[in-house]
Amino acid sequence: MNRWLLPHGAQPAVLPLLLGRALRAFADGYVAVLLPAYLIALGLGTWQVGLLATATLLGSALATLAIGAWGHCVHNGRLLLGAALLMSATGFAFAASSTFWPLLLVAFVGTLNPSSGDVSVFLPLEHARIADAADGDARTILFARYSLMGSLLSAFGALAAALPGFLVVSTGIAALDALRAMFVLYGLTGLAVWMLYLRLPKQHEEVRKPPAPLGPSRHIVIRLAMLFSVDSFAGGLVVNALLALWLFQRFDMSIASAGQFFFWSGLCSAMSQLAAPRLAKRIGLLNTMVFTHIPASVLLIAAAFVPNLHVVLALLIVRSLLSQMDVPARSAFVMSVVTPGERAAAASFTLVPKSLASAAAPSIGGALFAAGLLAAPLVACGVLKISYDLAIWLAFRKHRSPA
């Protein structure tokens with residue numbers, strides 16, 4: 001298994017990061033599906049569901065920004081261990097809360113992820129270590145397998161969203177208690193991730209820290225962060241929690257059926273990422289990012305207007321085959337255009353928009369759903385993502401990576 005996870009030329013010390021990513025993705029996969037169902041079961045409204053999703057993204061963005069600004073002054077390993085403990089505390093606190101304001105506070109300071117991708121404080125810390133563990137094509141392959149582990153286990157996590165229904169039938173417990181149990185499992189997963197990170201080598205932490213987070217690559221990182229913010233805001237309009245809510249409201253889809261859909265969708269995303277390194281080697285990282293992303297956005301816009309559930313699911317499944325192929329290519333691209341000493345900060349400052357710019361989007365999407373404009377978030381997401389793809393291609397098509 002280690003040989004498959006680690007490409008030739010990659011350091012084996014990053015294996016705990018890949019396994020930790022897999023565990024976190026499994027928990028994120030079922031949380032994204034169950035979060036709206038849990039909040040509605042508690043008596044909260046559609047708009048409040050969107051507001052809580054916004055709080056999770058905003059809190060993650062501020063934490064990630066702090067990592068970029070001051071994280072170079074603290075041992076990377078300590079930050080990862082602290083993030084894992086925060087994940088554990090988030091799950092237990094969410095399971096213990098029943099009213100809106102405590103839930104909003106936990107969502108803001110915690111690590112819950114309502115989206116299809118990882119938008120947590122873990123990412124810049126893990127990306128910096130992964131970038132240091134390989135070079136060239138091996139780095140792209142390593143990022144692809146890192147993303148693959150996330151997508152694959154997220155898919156199985158979505159399938160696990162059916163567990164509360166199974167518990168209700170098999171044990172007779174209340175549906176709300178079964179949903180709470182899944183957040184307890186989230187907390188236990190955080191403890192498992194913490195134990196994995198204890199195995200990370202200490203040598204990496206002894207590297208001399210730079211006096212400032214960014215240096216010669218500052219302008220490139222700022223340009224990328226601005227462009228990524230557009231993509232992130234667009235994605236925030238249809239995070240998985242809201243897409244599940246859309247399927248519930250428009251087609252009266254059951255939680256179990258939604259879990260199955262997100263399983264197959266995530267599985268397709270995971271499998272497609274295996275092709276990303278080969279495609280990037282043939283046409284380049286930037287072209288891989290753009291030329292797979294635009295068709296995915298077109299399919300999302302089409303799904304907004306189709307009245308048949310089966311056709312909608314087919315469009316969304318095909319979209320999932322394309323929409324995440326840019327993830328490993330984008331991670332490798334960012335790491336290749338900055339110097340090695342700036343990688344942690346560059347990862348943070350370019351990943352912050354994945355939470356910050358998208359933080360307001362779920363509440364907007366929830367408000368549009370509440371107003372009966374069910375197609376609007378999907379169309380806006382598709383149009384904005386196409387605009388981002390064209391803009392980043394025009395801005396960096398002639399750029400030559402120094403690393």
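Student: Where does D252 lie?

Tutor: D252 lies in the loop between α11 (240-251) and α12 (255-273). Helices (H or I, at least four residues) and strands (E, at least two) are DSSP runs, numbered from the N terminus. Residues are numbered from 1 along each chain as its sequence is written. The model is predicted, so local features need pLDDT of at least 70, side-chain atom pairs count only at pLDDT 80 or more, and totals for chains, interfaces and linings use all residues, while side-chain values use heavy atoms, with hydrogens and water left out.

Student: Why does D252 count as exposed?

Tutor: Buried means under 20% relative accessible area, exposed over 50%, and partly exposed in between (1.4 Å probe, protein chains only). D252 has 67% relative accessibility, so it counts as exposed.

Student: What is the phi of D252?

Tutor: Phi of D252 is near 55°, a positive value in a residue other than glycine. Most residues other than glycine have a negative phi.

Student: Is T99 buried, partly exposed or exposed, and how do you know?

Tutor: The value for T99 is 46%, so it counts as partly exposed. T99 sits in the loop between α4 (76-96) and α5. Its C-alpha atom is 9.2 Å from that of L39, although the two residues are 60 apart along the chain.

Student: How many helices and strands does the protein have?

Tutor: It has 19 helices and 0 strands. Of its 403 residues, 57% are buried.

Student: Which residues of α5 are buried?

Tutor: In α5 (residues 100-109), they are F100, L103, L104, V106 and A107.

Student: How do you know that the buried residues of α5 line one face?

Tutor: Look down the helix axis: they fall within an arc of 165°, so they line one face of α5. The arc is that of the directions from the helix axis to the C-beta atoms. On the other side of α5, W101 and L105 are exposed.

Student: What makes α6 largely enclosed by the rest of the structure?

Tutor: In α6 (residues 122-132), 10 of the 11 residues are buried, so the helix is largely enclosed. Among them are F122, L125, H127 and A131.

Student: Why are α2 and α6 called roughly antiparallel?

Tutor: Helix α2 (residues 15-41) packs against α6 at an angle of about 155°, with the axes 11 Å apart. Axes are lines fitted to C-alpha atoms, for helices over the stretch in contact, and angles run from 0 to 180 degrees between N-to-C directions. Over 145 degrees counts as roughly antiparallel (under 35 is roughly parallel, 65 to 115 roughly perpendicular, the rest oblique). The pair is therefore roughly antiparallel.

Student: Which residues make the contact of α2 with α6?

Tutor: L17, R21 and R24 of α2 meet F122, L123, E126, R129 and I130 of α6. Contact means heavy atoms within 4.5 Å.

Student: How do you know that α10 and α16 are roughly antiparallel?

Tutor: Helix α10 (residues 218-236) and helix α16 (residues 326-336) pack at an angle of about 165°. They are therefore roughly antiparallel. Their axes are 13 Å apart. L224, F228 and D231 in α10 meet R330, F333 and V334 in α16.

Student: What makes α14 and α19 roughly antiparallel?

Tutor: The axes of α14 (residues 285-303) and α19 (residues 376-396) cross at roughly 160° and come within 8 Å. These two helices are therefore roughly antiparallel to each other.
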